[in-house]
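Thanks for passing this one along. Here are my notes, written as numbered points so that you can follow them with the model open beside you.

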Amino acid sequence: MVFFPGELSMELLLVPSEESSGSGTQKLMCSGWGFNPKIKWLSGPEQRSAADNEIRMGEDGHVTLTSHITVTQQEWNEGKDFICEVDDKDLQKTVRKSTSLCTGSL
């Protein structure tokens, strides 16, 4: 992903399961690029806890934050929306993307 100075960027992906489709879970990954990005996961009005976060600093001073959540296959099959919100107070910007089984896209 190309990062432009002063911009906040993000990407939301469904991580392919290495196990059979009967594993009972789906994994979602969200990455945000900025100076001080923070990631928040939501499903409806409810905030979700990330399974893990990884922070990397680029040579240009920009930070990449990657976060994962695991959702149950039942939640996924019900068509619930899962939202990744990336906020950067230094840039004073917030971006969000959502995905679900029903939308079929990220």
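**Notes on the charged pairs, the core and the strands**

1. Let's begin with a charged pair: the side chains of arginine 96 and glutamate 85 meet in a salt bridge, 2.6 Å from N to O. By salt bridge I mean a side-chain nitrogen of Lys or Arg within 4 Å of a carboxyl oxygen of Asp or Glu. Arginine 96 sits in strand β8 and glutamate 85 in strand β7, 11 residues apart, and the pair links distant parts of the chain. Helices (H or I, at least four residues) and strands (E, at least two) are DSSP runs, numbered from the N terminus.

2. Before going further, a word on the source: this is a predicted model, in which local features need pLDDT of at least 70 and side-chain atom pairs count only at pLDDT 80 or more, while totals for chains, interfaces and linings use all residues. Residues are numbered from 1 along each chain as its sequence is written, and side-chain values use heavy atoms, with hydrogens and water left out.

3. Which other residue forms a salt bridge with glutamate 85? The partner is lysine 40, with the closest N and O atoms 3.6 Å apart. Lysine 40 lies in strand β3 and glutamate 85 in strand β7, so this pair ties together parts that are 45 residues apart in sequence. Through shared partners, salt bridges join Lys40, Glu85 and Arg96 into one network. In total, the structure holds 7 salt bridges.

4. Is glutamate 85 buried or exposed? Glutamate 85 counts as buried, at 13% relative accessibility. Here buried means under 20% relative accessible area, exposed over 50%, and partly exposed in between (1.4 Å probe, protein chains only). Lysine 40 is partly exposed at 30%, and arginine 96 is also partly exposed, at 47%.

5. A further salt bridge that I would look at joins glutamate 75 and arginine 48, whose closest N and O atoms are 2.7 Å apart. Glutamate 75 belongs to helix α1 and arginine 48 to strand β4 (residues 46–48), so the pair ties together parts that are 27 residues apart in sequence. Helix α1 covers residues 73–77. Glutamate 75 is buried, with a relative accessible area of 14%, and arginine 48 is buried at 15%. Their side chains also make a polar contact at 2.7 Å; that term covers a pair of N or O atoms within 3.5 Å, where, within protein, one must be able to donate a hydrogen and the other to accept it, and residues adjacent in sequence count only if both atoms are side-chain atoms.

6. What surrounds this pair? Leaving aside neighbours within four places in sequence, glutamate 75 is in contact (heavy atoms within 4.5 Å) with Arg48, Lys80 and Phe82.

7. Now to the nonpolar side of the model. The largest nonpolar core has 15 residues, and those with the most contacts inside it are Cys30, Ile39, Trp41, Cys84 and Val86. The elements giving two or more residues to this core are β1 (9–15), β2 (25–34), β3 (37–43), β6 (63–72) and β7 (82–88). Such a core is a set of buried Ala, Val, Leu, Ile, Met, Phe, Trp, Tyr and Cys residues joined through side-chain atoms within 4.5 Å. Beyond its neighbours within four places in sequence, isoleucine 39 is in contact with residues including Cys30, Leu65, Cys84 and Val86.

8. On the strands, an open sheet of 4 strands runs in the order β1-β2-β6-β5, with antiparallel pairing. β1 and β5 (52–57) stand at the edges, each with a single partner strand, so one side of each is left without a neighbour in the sheet. Two strands pair if DSSP finds at least two bridges between them. β1 and β2 pair over 7 bridges in the antiparallel sense, and leucine 12 has cysteine 30 in β2 as its bridge partner.

9. My last stop is β7 and β8. These strands pair in the antiparallel sense over 7 bridges, with β8 covering residues 93–99. Aspartate 87 stands opposite threonine 94 in β8. β7 and β8 form a hairpin with 4 residues between them, and glutamine 92 in the turn has a positive phi of about 55°.
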